[in-house]
Amino acid sequence: MKISVKRKELIHSLAIVNGVIEMRQVMPIIGNILLRVSGERLFCMGTDSTVELLHSVPLAKVDAKADGMQTTVPARKMMDICRSLPDDCVIEMVPSDNFLQIKVGSSHFSLKTLPAEDFPSMPELGEDTMTFLLPAPQLRRALEQTHFAMSKDDMRQYLKGMCIDVRQDNVRFVATDGHRLACDIYDMKSDIQEARQVIVPYKAINQLLTLLQDNTDDITFVIGHKQIKVHNDHFTMISNLIEGKYPDYEQVMVKEGNSVAVITTELFHQAVRRVAILSTEQRLVQLNFSPKTVHIDAKNTEGESATEKIDADYTGSEIKIAFNANYLIDALKAIHTEKMCITLNDGNTRSIFESEKPDEAKSSQWLCVIMPVKV
Amino acid sequence: MQIPPHSLQRHLKNNLLPVYCLLGDEPLQMAECSDTLRTKCYQAGASDRHIHNTDSPFQWDEWQNHLQHGSLFESYRLTELHVTKPINAQGRTVLSAYMHNPAPQCTLLIIGNALTKAEKNAAWFKAAQECAGIIIPTPIHLSKLPAWIIQRGKTLGISFQHEAAQYLAEITEGNLVATAQALDQLALSADSATPMTLHDITAHQSAQYTVWQLLDAAISGNRPRTIRILRQIAHERSPIEVLGLIAYQIRQMEKVMRYDEQGLSVAAISAHEKNMWRDKIIALQKIGQCHSRHSVYQLLQRAQSIDEMIKTTTISPWRAIERLCINWARRTPT
């Protein structure tokens, strides 16, 4: 009974699955990775009890006797061994008693195993679930354009994740930390009968972003009341949902002001990055909107300052407003159109950043709302 | 502006300042004042409170950022800064800047221990006196506690005879939390029509003290406390149990006295007597210096006769135990 896998493919799978495994855990088996042979594939599974990830790789050589074999090995050691092996080798694994023998050329490793039966698995999602499909590129884009706004504050767990709001004609990905909000609305046709809003934890979203890097297939979402399952042919991720009520995000997406500035995205992005070098430790930059121009200023406590002027299509009244430069840069990175719009009211209320015009050909809409800083 | 704790409710009827500093060491008033302030902030529109602890490592920059940044979902915020260790130079600068320019639509509540004289001279605190409400709860002196009990009793719907209030003040020893708990318990069964008497209070007192607290009081030579505890536990404990522990402790004291005569250090005694803590040995040494071998012998003999009295007669032994304790609990040599 022998399991043969190409090192390159196995290491890719191990790297993905290792992402969910916590280095410090109370149960030794949670630090292990579950290896299971099924048909012509080797499945690797990792969990931290809140997020479970299953990823598969094809076997280099199929051994009928190995079908159904499963065991668990320490994730970190397995990864380190695979990393240390030559790039294009084939790894052979043979389970024996309480050890997994790993052979590559003249190298031989014997890794201690724990019974696969003891490996914890997440419970089933239950019956009342909602299923829909999204193309991987669009999903990746939606997550990339919103994930930066998720909160890292442990005190408000309900913000430490992404809200997925599924409606009959669209699905919304919303992230906020209370000071800024990013929302991507993806139009889709589905037979969903009722809307459902869930909060997916930070860790699961980041893991999903990694999984989507090399995926072009459709991704299936199955949403239960306490868990979410995201899968396609290559991976399956199950995550617990965050309990709690997500804030009413729609109320902050309403445009308060009518002063709109249209700016070249890249010019603005670069200017903010440059000026922010001499900002305070709070990364404050001030934007002065006046007809046809925007001045970007920053100064720090040592008296140093930076200023830059860029052209803008703006006809409103003069507005001075300060933002955290990091918030601006995160939002500007997510805009992929040549021009962008900023909708302002005054220097004390929220501003809305979005692509210049929603492209009719595209089925998604994105915006970012940022609260100014009081100076 | 300085706001006395008892005037806080009145102040909040018409005012809500951008900053309140609640600085003191008296837990009951601290808890009640902070609750009052929170309630007012919730009434003013705060939906949540943001708590920041100045535990190490506290990022003053991030905290300042949080205060300066408006919130998308809250038009008004309550932010609490729990000062758990002395404020460092950066913290003082940040606070000072904030006091000069507090964020609109936000109430900052700074909660911490009483400030030292040097801390009171810090620029941030001087600036706070201009824009903030400073509330400094202080412990209530034992002589003023009966009046405080009577006043607090009124709010709970119970009245006290002065003697009863004084007794309650004595048994709670100025601890306001304990006094407030006792009042809450009394309020549950009190008859609002008749004032509480001394008898009502004693009848309501449940197991407040342990025999070990009695022994500690006696060893420290605190006779009034010893008697108070003994009279309290006399209602709940059997005299044979209390007497047994007193006699055991007197024998421990006698042992330590012998070690002292041999010139052994505390560490050496501790090595011989595994059951005796270092602090206990020091305490027993102190009280041992107030006794002679003869007086210890007399104490043990007296304990033995009380033991016989308990086992052979129906006479209450508590007066005798009290006398034994008075003779034992000394601060000066005879």
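Biologist: Which residue takes a positive phi in the hairpin of strand 18 of chain A and strand 19 of chain A?

Modeller: A:Lys292, with a phi near 75°. That hairpin has two residues between the strands. Bear in mind that this is a predicted model, in which local features need pLDDT of at least 70, side-chain atom pairs need 80 or more, totals for chains, interfaces and linings use all residues, and side-chain values use heavy atoms, without hydrogens and water. Residues are numbered from 1 along each chain as its sequence is written, while chains are lettered from A and ligands numbered from 1 in the order written.

Biologist: What makes strand 18 and strand 19 of chain A a pair?

Modeller: Strands are DSSP runs of E with at least two residues, helices are runs of H or I with at least four, and both are numbered from the N terminus. Two strands pair if DSSP finds at least two bridges between them. Strand 18 (residues 284-290) and strand 19 (residues 293-299) of chain A have five bridges, so they pass, and the sense is antiparallel. In strand 19, A:Ile296 is the bridge partner of A:Leu287, and A:Asp297 stands opposite A:Gln286.

Biologist: How many bridges join strand 19 of chain A to strand 20 of chain A?

Modeller: Seven, and these strands also run antiparallel.

Biologist: Why are strand 20 and strand 21 of chain A called edge strands?

Modeller: The sheet is open, with four antiparallel strands in the order 20-19-18-21. Strand 20 (305-311) and strand 21 (319-324) each pair on one side only. Neighbouring strands here are turned by 20° against each other on average, direction ignored.

Biologist: What packs on this sheet?

Modeller: Helix 5 (residues 265-275) of chain A touches strands 18, 19 and 20, and its direction makes about 170° with that of strand 20. Helix 6 (residues 325-333) of chain A lies across strands 18 and 21, at about 85° to strand 21. Axes are lines fitted to C-alpha atoms, for helices over the stretch in contact, and angles run from 0 to 180 degrees between N-to-C directions.

Biologist: Now the two chains. How many residues does each chain give to the contact?

Modeller: Contact means heavy atoms within 4.5 Å. Chain B gives 20 residues and chain A gives 25. Together they bury about 1,800 Å², 55% of it on carbon and sulfur atoms; buried area is the accessible area (1.4 Å probe) lost on being put together, summed over both parts. On the chain B side, B:His69, B:Leu72 and B:Phe73 lose the most area, together 44% of what that side buries.

Biologist: Why do the side chains of A:Arg156 and B:Asp48 count as a salt bridge?

Modeller: The rule asks for a side-chain nitrogen of Lys or Arg within 4 Å of a carboxyl oxygen of Asp or Glu. The N to O distance is 3.8 Å, so the pair of A:Arg156 and B:Asp48 qualifies. The count between the chains is two salt bridges.

Biologist: Which elements of chain B give two or more residues to the side that touches chain A?

Modeller: Strand 2 (49-53) and helix 3 (60-68) of chain B. Helix 3 supplies the largest share, five residues.

Conventions: Buried area = accessible area lost by both parts, 1.4 Å probe.
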